[in-house]
Amino acid sequence: MKKFLNKILIFSIILFVFNLVLGFILPIRTYYGNEMFEQKFSSIKNDLNDYNLYFFGSSRIVNGINPKVFDSVMQVNDRDINSYNLGSYGTWFNENIFLINSILNDTSIKDATFMIEFQQVMSVPWEKIDNHKNIYYQSSDNFTFILNYVLDKDIRTFRDFLIGVHYIFSYSISETLNIFNLGKLKGLESYSHSKESKKFDNKGFFAIDSRKEMNQITISNYQSKGVQLFQANESKSNGAFEKKINEIIKKAQERNISIIFILTPKNYTKEMVANYKTLPSENKIDYEKFLDQTSLFEAANWGDHTHFNFQGAQYFTEFVAKEFLILNRNEASENK
Amino acid sequence: MLFNSLDFAIFLPIVFILYWFVFNKSLKWQNLLVAVASYVFYGWWDWRFLSLILFSTLVDYFVGVSLGKTEAPTRRKVLLWISILVNLGFLGFFKYYNFFLDNFKSAFSIAGYELNANSLNIILPVGISFYTFQTLSYTIDVYKDRLEPTKNFISFAAFVSFFPQLVAGPIERASNLLPQFYKPRKFEYSQGVDGMRQILWGLFKKVVIADNCAVYANHIFENSADMSGSTLALGAVFFTFQIYGDFSGYSDIAIGTARIFGFKLMQNFAFPYFSRDIAEFWRRWHISLSTWFRDYLYIPLGGSRGGTWMKVRNTFIIFMVSGFWHGANWTFIVWGALNAVYFLPLLLTNKNRQNMEVVAEDSYFPSLKEFGQMTLTFGLTVIAWVFFRAENIGHAISYLGGMFSESLLSIPYYEGIGYAKFLIPLLAIFIFIEWLERRNQFALEKLLLNQSIFIRLAAYYTIAFLIFYTAGEEQQFIYFQF
């Protein structure tokens, strides 16, 4: 038995080391785990400088921000903006930070604006832990961030503690799988095989139809609970989260790219609200105005319980566009 | 829990350590651990269906004990029928209820009557076809006095639910597996290493071969109306390797896992695509099911004895029931019937047992005749697999119609097929290795054993890297649905 276990152990260690080395050598496509982002990015990568405003985020951005509407609002206000929706399905905070960092590192984009969906840090669900989508963006930096984030979390109950443990556990597994190059064959340059056809327009937007009659109470709750949470001051913000946000803002500033965080309607958490409040005012859209937008919380404007339909996207984009103009005016007057 | 999942990668070492280091002093505790681990393994998918296994185990245990206590033929028959009705009742309800209902409704509506019965939203419990057949073999063998009934409930529960082969076989006979739970088991280095090699090869077949073939096979089958004949043929070939890699890969992992726990399971696949006729193919494909049907259905029906009509009837029954066992869809029944049509000429001309040995046993290469026979048999199975994979009979017929059209001789093409350039050489290497090792239980059993340790390790590492590089987004095993 001892001989058997020794052999298994040595075999595994060598496998681990070889994998580490191969991970550095092989030409892996940066965004291979996020098919939609890769499709969007590759469709505009030769024209990156034609755009001066990009949206990032999850499906709420994909289905909620229509760049054509945004650009037309800008045009009416004599602003020359050409925007593109780089949102992609199931893309949460850590992945978004990875995507934005990669774009800042690997492209020549400058003098632009990145509008980013404001999100909470999520743990990796166990049933999806070995998906390429949850592996490809892992790194030691990300894992360090998660550790700091959990250590700085407002842990008051045993449940909070277990949630913290789950964050560390799930990201350590995902990072290990990343080191083991799980599934990276599909990320090799020579193996770029897109399974799905593109489901977005030439500006990265995709509208969904209303799939069923929405429950107005559920949608209204997003608004009322949001108002309650934003009015209360009972939660502390997370220092590691703030630091991460500030790093990305600073990094973007070096390229004259301004970062603006936008809220999308959903169930907010106390921590998320506390973190949003700590954002510099020039880097976010005013949440009070956002929560005042009754049209955003009308069931008729929703495709399902988490996404706008075409009409809802129209309202939401117009609201974001107007707030963007206000932010720009404020900034301009401050500069004067 | 899937063998190719992270859950299993954590589960297996834990059970292994508990089994050999914590519970190794007592056979009873070891068996109890196997039973509990098996329930965890199964319950991971849906714990509610554990009640079915437990109920089936209890019924068959008490039927077995009762059969051991009575000699009265009528009472014995009643007991046997209780076991058959309970096991096949579960199987029939969960797997076939909606199929029969829909077909009855269609039949009645043709006759002008409308049946007012609604289909039920039934979830098919994973592996139900496998464990019901395994436990049925126990009661039938006890009834036929081929096996002593067990009074050891823990051993029996562990036998019914033994996690390596619980959800997709091999379907073990009680006479082979159950006695292994009575004897103390000792870890043997050679068995452990053999087991690990078989697990490695099974994972390779599943993750590298089957899952990669699935990408192309699925795309081609789902868009078959837009594909040329040659592309459809390629899709059918990809599916042929997908189902082989998937199912025989599962069996390899199951047998290898059982080995590291000191159990020996039966061989389930013996390089079936190197068969020279369909009879040989069925002696090499899903051996545990074929022999189950042979022993518990074909022979009781009279087998190949009797007149021509009996032979034809029995052949069709066994192949069609075997097809129906795979799923409640006419496609599986036609798949079975087609295999019966392939098989019958051999049976009627007494040529069904002419290829009993391994092909080209004493040489590297097959003769021209053998090569032709293998190619023809492979071609026939590819055609039959189209029915197995198709959504319905209409889809299968239109698929085959498209395949055997003028464009069969064109170059296969669809957007994205260019990336199969990685897969085709890999398939060629896979076939080559399987061909070299066709005399063994599995391809890695003796491969490179006479070479230096460095060459062997290089081969194992290459396989492991390929598994890691192609893994992720775990794919369900096809046979889980049966």
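Trainee: Why are B:Arg276 and B:Glu280 both called buried?

Mentor: Buried means under 20% relative accessible area, exposed over 50%, and partly exposed in between, using a 1.4 Å probe and protein chains only. Both residues are in the buried class, so each has a relative accessible area under 20%. Keep in mind that this is a predicted model, in which local features need pLDDT of at least 70 and side-chain atom pairs pLDDT 80 or more, while totals for chains, interfaces and linings use all residues, and that side-chain values use heavy atoms, without hydrogens or water. Residues are numbered from 1 along each chain as its sequence is written, with chains lettered from A and ligands numbered from 1 in the order written.

Trainee: What makes B:Arg276 and B:Glu280 a salt bridge?

Mentor: The rule asks for a side-chain nitrogen of Lys or Arg within 4 Å of a carboxyl oxygen of Asp or Glu. Here the closest N and O atoms are 3.1 Å apart, so the pair meets the rule. B:Glu280 also pairs with B:Arg284 at 3.0 Å, N to O, and B:Arg284 is buried as well.

Trainee: How do you know that B:Arg284 and B:Glu280 are separated by about one helical turn?

Mentor: They are 4 residues apart in helix H10 (residues 278–284) of chain B, which means about one helical turn between them. Helices here are DSSP runs (H or I, at least four residues), and strands are E runs of at least two, numbered from the N terminus. B:Arg276, B:Glu280, B:Arg284 and B:Glu370 together are linked in a salt-bridge network.

Trainee: Which salt bridge in chain A links distant parts of the chain?

Mentor: A:Glu271 pairs with A:Lys153, their closest N and O atoms being 3.1 Å apart. A:Glu271 is in helix H11 (residues 270–278), whereas A:Lys153 is in the loop between helices H7 (140–151) and H8 (158–179), 118 residues away. Both partners are buried.

Trainee: What makes A:Phe24 exposed or buried?

Mentor: Its relative accessible area is 74%, so A:Phe24 is exposed, being over the cut-off for that class. A:Phe24 sits in helix H1 (residues 2–25) of chain A. A:Phe24 is also one of the residues of a nonpolar surface patch with about 1,000 Å² of accessible area together, A:Leu9 and A:Ile25 being among the others. Patch members have over 30% relative accessible area and no salt bridge; like charges are joined within 9 Å and nonpolar side chains (Val, Leu, Ile, Met, Phe, Trp, Tyr) within 5 Å. The areas come from the Shrake-Rupley method with a 1.4 Å probe, and for residues only the protein chains shown count as cover.

Trainee: And A:Ile81, is it buried or exposed?

Mentor: At 10%, A:Ile81 is under the cut-off and therefore buried. A:Ile81 lies in the loop between helix H4 (67–76) and strand S2 (83–85) of chain A. Leaving out residues up to four places away in sequence, A:Ile81 touches A:Asn52, A:Leu53, A:Phe70, A:Asp71, A:Met74 and A:Phe324.

Definitions and conventions:
Contact = heavy atoms within 4.5 Å.
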